[in-house]
Amino acid sequence: RESVHPRPVSRSLPFTFLQALRWLLKAIAVGAIPSVIVVYCLGVQPLWAYMRYSALIGALFAVVMWGGFDLTKTWVRREAAHPDPMHSALISLGRWVLVYSGLFIVCVGLTWLLLGINLMRQPGNGLLAAMMGLLISSLIGGLNTTAHLVTTARELEAQKARASFLALQAQLQPHTLFNALNTIAALIPEEPRKAEEATVRLSTLLRQIMGALEQDHWTLAQEFGLLEQLLALEKLRFGDRLSFELVLPESLRERPVPPLLLLPLVENSLKHGFRPKVGPCSLRVVADVALITVTDDGVGSPGTPLEGVGLRTVRERLEALGGALRFPSVPEGHVAELVLP
């Protein structure tokens with residue numbers, strides 16, 4: 001039975017080995033290349049012999065320092081419990097100097113043991129070694145700091161988008177519910193059958209919204225199905241004044257998208273475009289490979305509309321994933337374009 005179900009640990013070993021090998025090659029390059037360049041610029045003779053030894057020493061320094069900083073980076077970056085940012089920065093800098101000093105001593109000792117070179121025998125050699133160590137550690141620290149900043153920025157964008165989604169979650173259900181209840185209340189006295197139909201559609205719509213709020217992604221077919229329920233419900237309120245068209249190519253039906261991207265835009269058209277307008281109202285939602293367009297012939301708005309919770313949430317969620325929300329200028333009505341990631 002064990003031969004039929006091999007242990008997963010054995011599968012992960014080659015990947016771990018390749019990761020370690022890539023890290024080792026990068027560390028050697030970061031240490032050896034700057035060391036060789038410095039020796040070449042100084043013109044120390046015999047040049048090739050010094051360049052060879054400098055490359056070995058630089059590679060040794062880089063491997064030890066990179067590994068050491070990786071092991072201690074959590075402690076070095078840990079924020080000091082002090083209200084003054086400058087004081088906290090000085091504490092972090094002190095930690096970095098402490099780690100660097102310890103790693104430098106280790107590097108000097110290993111150079112003596114492995115290569116038989118005592119870097120501290122002459123003051124000039126010791127100073128050069130300290131400068132090379134500082135250069136290498138600065139390169140490593142810069143790489144780690146940049147990677148940390150990029151990762152932190154991405155996490156902040158994702159958290160911001162998640163917070164906006166939670167705000168949308170708090171807004172959507174009562175907002176849609178109140179609109180639908182007003183429609184049902186208006187239909188009950190004169191058209192009870194339509195009021196009954198509106199109640200069924202409202203139940204389906206709320207069930208779909210609640211299901212969407214529990215997912216990170218769903219398909220464009222589900223998103224358009226939600227819009228169809230909403231617009232069919234609104235048509236009971238607007239009557240023949242409202243016409244709509246949802247265009248979703250068959251090839252895009254299973255494309256994954258964040259849920260509830262289009263609902264705030266459609267509700268924006270209904271509320272700000274159609275409600276103040278007298279006469280027929282038309283809405284069209286068209287999906288393309290990387291673009292979804294929401295077009296209405298309502299009263300329109302000059303430039304970018306003011307952002308409420310819904311529009312801000314759509315924009316922030318798209319931007320966090322690498323997409324965008326645009327509002328191109330048109331002579332009549334209003335157009336919103338969602339650039340999909």
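**View 1. Cysteine 107 is buried, at 0% relative accessible area.** Here, buried means under 20% relative accessible area with a 1.4 Å probe and protein chains only. This is a predicted model, in which local features need pLDDT of at least 70, side-chain atom pairs count only at pLDDT 80 or more, and totals for chains, interfaces and linings use all residues. Residues are numbered from 1 along each chain as its sequence is written, and side-chain values use heavy atoms, with hydrogens and water left out.

**View 2. Cysteine 281 is buried too, with 1% relative accessibility.** As for disulfides (cysteine sulfur pairs within 2.5 Å), the count is 0.

**View 3. The largest cavity holds about 40 Å³ of space.** A cavity is a set of points on a 1 Å grid over the protein atoms alone where a 1.4 Å probe fits but cannot get out, and lining residues have an atom within 4 Å of a point. Its lining takes in Leu265, Asn268, Ser269, Val294, Asp296, Leu311, Phe327, His334 and Ala336. Two or more of the lining residues come from each of α7 (263-274), β5 (291-296) and β7 (334-339), and α7 gives the most, with 3. Helices (H or I) are DSSP runs of at least four residues and strands (E) of at least two, numbered from the N terminus. By class, this lining has 5 nonpolar, 3 polar and 1 charged residues.

**View 4. The second largest cavity comes in at about 30 Å³.** Around it sit Leu220, Glu223, Val257, Leu261, Leu262, Ile292 and Leu338. That makes 6 nonpolar, no polar and 1 charged residues in the lining.

How values were computed
Buried means under 20% relative accessible area, exposed over 50%, partly exposed in between (1.4 Å probe, protein chains only). On a 1 Å grid over the protein atoms alone, a cavity is a set of points where a 1.4 Å probe fits but cannot get out, and a pocket is an open set with protein on both sides within 12 Å along at least five of seven lines; lining residues have an atom within 4 Å of a point. Grid points are joined across faces, edges and corners, and a volume is the space filled by probe spheres set on the points. Ala, Val, Leu, Ile, Met, Phe, Trp, Tyr, Cys and Pro count as nonpolar, Asp, Glu, Lys and Arg as charged, and the others, Gly among them, as polar.
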